[in-house]
Amino acid sequence: MNTTPPPAARVLIIEDETTLAGMIAAYLSRAGYESSVVHTGPDGVRAARDLAPDVVILDLGLPGLDGIEVCRQIRTFTDCYVIVVTARKDEIDTLIGLSVGADDYVTKPFSVRELVARVQAVLRRPRTGSATDSATDSATARSEPTRVFGDLRVDPEGQRVHLGDVEVALTPTERDLLMALARRPSMAFSRRQLIDDIWGPDWVGDEHLVDVHVAHLRRKLGDDPDTGRYITTVRGVGYRMGQG
């Protein structure tokens with residue numbers, strides 16, 4: 001029997017405040033993660049490519065290249081989880097950050113323990129090929145059938161989504177959200193239920209985060225929100241899987 005422990009998840013911290021970056025790295029190391037730190041936008045893109053991290057903690061206010069552009073570039077070659085850190089209070093900045101593929105965000109000032117908890121939460125999600133996949137998660141995915149909604153096929157086992165013959169490139173959070181809806185297609189989910197299912201019951205923040213990811217999903221699926229072919233808005237409740 002192989003008793004070799006799984007490799008530690010890799011976390012890349014892209015943060016220009018050196019003291020804060022060092023503190024985050026220290027907390028992550030104590031939690032059992034392998035962490036690396038860079039302080040500029042261009043270095044962040046290079047490090048993400050070279051290190052292939054499982055999670056990127058990304059400050060929006062970076063020298064050389066701002067965090068939104070860093071996230072946009074990272075998304076061209078990796079589907080790692082991206083947690084945006086911002087000192088900006090303007091909600092539009094947060095939504096812009098999420099629109100280029102971030103999975104979650106925290107606003108400064110924040111508790112480093114809370115940030116580590118966010119990292120732990122995203123890494124608990126099953127991902128094909130992730131160092132943190134568990135046998136239980138894999139077995140659960142294998143037991144779930146592919147679900148079909150018109151031209152849309154959602155495959156939990158392969159963690160893949162096809163529209164017709166074309167595979168749809170989704171971020172981890174977009175994929176998790178679609179699979180949560182597809183798993184119980186007759187159920188109308190509230191935002192809070194989707195938050196609990198995907199981000200975890202301890203997540204604290206603006207629940208309209210769900211709306212941002214739903215909008216991205218609809219755009220990638222070519223889905224009109226007025227008709228809700230694949231994702232239907234349930235007024236006063238939240239969202240339900242469409243019939244295709």
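Guide: Cys-80 counts as buried because its relative accessibility is 0%; buried means under 20% relative accessible area, exposed over 50%, and partly exposed in between (1.4 Å probe, protein chains only). The model is predicted, so local features need pLDDT of at least 70 and side-chain atom pairs count only at pLDDT 80 or more, while totals for chains, interfaces and linings use all residues. Residues are numbered from 1 along each chain as its sequence is written, and side-chain values use heavy atoms, without hydrogens and water.

Visitor: How many disulfides are there?

Guide: A disulfide is a covalent bond between the sulfur atoms of two cysteines. With a disulfide taken as a pair of cysteine sulfur atoms within 2.5 Å, the count is 0. For Cys-71, the nearest cysteine sulfur is that of Cys-80, 8.3 Å away. Cys-71 is buried, at a relative accessible area of 1%.

Visitor: Is Glu-15 buried or exposed?

Guide: Glu-15 is buried, at 3% relative accessibility. This residue lies in the loop between β1 (10-14) and α1 (18-30); helices (H or I, at least four residues) and strands (E, at least two) are DSSP runs, numbered from the N terminus. Contact means heavy atoms within 4.5 Å. Beyond residues up to four places away in sequence, Glu-15 touches several residues, including Val-38, His-39, Asp-59 and Lys-108.
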